[in-house]
Amino acid sequence: MSDIGFLSQLLQVTVALALAPLLVGWVNQCRAWLSNKRAPSILIPYRTIHKLFIKDAVVAENASPIFRLTPYVVFGAMTCAAAIVPSLATDAPFAIAADAIALVGLFALARVFIALAAMDIGTSFGSLGARREMFIGFLAEPALLMVLFTASLISGSTSLPTIVDTLAHRELAIYPSLAFAGVAFTMVSLAENARIPIDNPSTHLELTMIHEAMILEYSARHLALLEWASALKLYNYSCIGLALFVPFGIADAANGLAMLGAVPALIAKLAAGGALLALIETLSAKLRLFRAPEFLGTAFLLAVLGMLVNLLLGS
Amino acid sequence: MVATPLGALVVAIVAWLAIGAVGLLRPRDLRMVQLLFPAGAAVALAVAGIAFAALASAPEQMVLPLGLPDLPFHLRLDALSAFFLILLACASAAVSIFSSGYFRAGEGSAPGLIGFQYHVFIAAMALVLVADDAYLFMVAWETMALASFFLVTTDHRIPEIRRAGFLYLLIAHVGAIAILLCFGVLQGGRGDYTFGAMRSAALTGIWPSIAFFLALFGFGAKAGLLPLHVWLPEAHPAAPSPVSALMSGVMLKTAIYGMLRVTFDLLHVQLWWWGAIALALGLLTALFGIIYAAVQTDMKRLLAYSSIENIGVIVAAIGLAILFEANAKPLLAAIALTAALYHALNHAFFKTLLFLVTGSVLHATHERSLGKLGGLIHRMPWVAWLALVGTLAIAGLPPLNGFVSEWLLLQAFLFTPSLPQSFVNMLVPLAAAALVLAVALAAYVMVKFYGVIFLGRPREPNLVHARDAGPRERIALAALAAGCVLLGLFPVTVIDAIDNVNGLLLATTVGHAGQSSWLLLAPFATGRSSYSPLIVLLVIVAVVLVTIQLVHRVWHGRVRRSSAWDCGYPLQTPRMQDTAEGFGQPIRQVFEPFFRMERHLPSPFDARPRYEVRVSDHFWAWLYVPIARAADAVSRLAGRIQQGRIGVYLTISFATLLALLFFVR
């Protein structure tokens, strides 16, 4: 591992940790603008996290160590994923530790831990959230894999840096298979990141929540880490989407100048992606839970279509 | 004779039988039985060592002067046998140690008798793996079936257990007949039933396909492939937990061994559509098994259905390997076969672990129903934390072992660039999606399994008296959990071992085809796909430790304990947690056509409202009940000639004799 490679790796993780709350703040701001409200400051997520770290942690009397360990494990898994997703450079040394499939596994690890922690206290909302989260998870995973399959059929690789390298260096043309996969990926990301139409991140309406129901019993630093981790998850998914469908501007060699150019490119792309997310959320209504199979089934079919188009047309 | 691995193995098998026989001397003496099981475990460890030594060496043969006069027993120890012997030995060593602390007097059969049946069972499984002729294979196979039947019916005073035992015996024999017929086809009319002769017999025309499907049916009955799976969810809950562990973890794998032996070793001719059918059947089995597992309320039934899923995954991988091998893509075939063997090994570890966990829970609480458990992590921390490892492993999560085999299998699925059958080419990625669906559902099921048993609050008041497992049980569980972790963290080392089997069956290896090093698994090339569980684990652990330190240094680590918030609802009883039915409800709703459901919903006017749902298997109504009716009708017809008069019977015998003389002459 070269020094410069290590530095680029470090920069990538640091940027991810620093930018993730900003992305959430930006999406919230856009959502407020789109619904004609006065927007909160973009820095609110940082302040929330800081405030939560200061507070005393309140833990339920019958919580087991799993409950207290989970925020750290989830945060660790998301940070690990941030080190692997090629957001700034394609030659980050840790990226070989996990390819796209292993990345999906890493997200599943985080999900299972949150679900277990939600069941740990033994409240009705906790287990309700855990059940729904696992339900959405098993519906979303096949669709997500189909998207990754389509991208890896084009590049002959499941390793994300190679996919980015291949996709970034083809001539600029619209690939119908990638268009299908892009729509499918957007739908899966909405479901995986607990956004409208599957879940609503700003709700505490008891009977409809999924993600919020699972983290209901968390407070203070544990909650801060979980909030930060879910911001990181959104950031990671956005970066995977950008890497697969808009792979331009990612540095292909770890030299300082290219990296410096990659950061503003990433911020610009994330800003556009966040605005798009806010637009989708504003335009759609939350679905009933049992409509989620239809929604994710559509995503799955779109991804399959993309793959078949790729196999038939070779593009 | 003892100097060679095979000779040593024969001695070990005899030692197992002897240990079992000693138990018969004083069957009620619990203390002696508690010494016999560790002795069996020591033999198992020796077998593991022997098999490991034999893995890389050339096949070794031996003829034992036993059996019928001109049909001596042929034994052969090659890489395939050695691999499955390692699996058998590791799992049974742990189960033996667990059993020595588990079996107590006064529960069903006498402990000495259980010890005898148990050791005969293990010895028979080992013999199945080294048999080199159809005769010895069938003898060992039937001994295995009978020994396990008696173990399943340990508590034979309970009618349901007797019923489950007979169902198991019936399906085992239907399968055995198919295997016998398969060997009959394989010997090609030459009358030589050694495997060596079968290997060189050149079958032509439709015969290889007939042999393959007989093997798929016969071994599938033992493994639990659709539609012959019905005995698994009955027999596994009926058996004592160590026996369920052994049956699920090891015995099902002998069926996988048989499939591999017949398909790859004895039948070299391979047609691609065999693979396609095995792949489809495996995936159907996997999906079916896991969907049913999601709605179970009995913890051992849930694990039994999950075993059906895992067997489905293994058979799908075998199907894929056949598909590639028949299309002359040896590297891809080797990766698929590696995934199958790796998953078999993984399943032997985590399913054995989880079945033993249910044994500990059962002993501590006397409860098998998930709806009456809960919160056991506080009462049984050892069992709970070790069970967590098994749960994460079986849910297919990195960095544990279940994920590695699934990753390999997905790689094999994904890189099917140019099969000549373009239709199959398009269906293969869809098959991968079905696999991912099964794996994701497995995570759902295991969260339910673990969450309902160990997390939350105790659903019944008597659970507060539950005690943790004893030291021997803990050792066994810890060993299996350590196995899950090690198999997960060092995949390249494991694959190097499995490569001996690939070399034997496919004449190709995967280990060094790509750029794998001990740290990094990259079967093709690092640029194409790579996975390093150790790095992933180290990064996560490092981040967790640094985060804990930073949070506590920069801010603080104060904790206040209080009652649960739960949106401020004041009344919270343990009965308001999700039950097993509740947790499975989304699955029941989404996959409704898959189930046969009888539901009783309470009406608002019921004085004593009662909710009841019973989920059963379509296959009973669609397949088994019609067959049973037909068998009934045929036997009633045959009953007509049963007059009870000796003259009639003699006439029938005479007519038969005449007919035979006429036809056979």
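Modeller: Chain A has eleven helices and one strand. The model is predicted. Along the sequence, the order of elements in chain A is α-α-β-α-α-α-α-α-α-α-α-α.

Start with overall dimensions. The C-alpha atoms of chain A fill a box of roughly 60 × 45 × 40 Å along the principal axes. Of the 315 residues in chain A, 62% are buried. Now count the contacts in chain A with a separation of 6 or more: 80% of them come from residues 24 or more positions apart.

Next, the partner. The contact takes 68 residues from chain A and 67 residues from chain B. On the side of chain A that touches chain B, these elements give two or more residues: helix 2 (44-54), strand 1 (57-60), helix 3 (65-84), helix 4 (100-120), helix 5 (124-155) and helix 11 (292-313). Helix 5 of chain A supplies the largest share of that side, 16 residues. By type, the side of chain A that touches chain B splits into 43 nonpolar, 16 polar and nine charged residues.

Four bridges join strand 1 of chain A to strand 3 (residues 559-562) of chain B. The two strands run parallel. Within this pairing, Val58(A) has Arg560(B) in strand 3 of chain B as its bridge partner.

Then the nonpolar core. The largest one holds 376 residues. Ala184(A), Ala303(A), Ala336(B) and Leu435(B) touch the most other members. Helix 17 (residues 422-454) of chain B gives the largest share of this core, 23 residues.

Take Ala336(B) as a case. Leaving out residues up to four places away in sequence, Ala336(B) touches Ala317(B), Leu320(B), Ala321(B), Phe324(B), Leu409(B) and Ala412(B).

Helix 12 of chain B spans residues 299-326. From its first C-alpha to its last, helix 12 of chain B reaches 41 Å over 28 residues, close to the 40 Å expected at 1.5 Å a residue. Helix 12 of chain B is mostly covered, with 27 of its 28 residues buried. Just after helix 12 of chain B comes Ala328(B), with a positive phi of about 55°.

Note on methods:
Residues numbered from 1 in each chain as written. Chains lettered and ligands numbered in written order. Predicted model: local features only at pLDDT ≥ 70, side-chain atom pairs only at ≥ 80, totals over all residues. Buried ≥ 20, exposed ≤ 12 C-beta atoms within 10 Å, placed from the backbone. Contact = placed C-beta atoms within 7 Å. Expected span 1.5 Å × (residues − 1). Nonpolar A, V, L, I, M, F, W, Y, C, P; charged D, E, K, R; others polar. Pairing = 2+ DSSP bridges. Core = buried A, V, L, I, M, F, W, Y, C linked by C-beta atoms within 7 Å.
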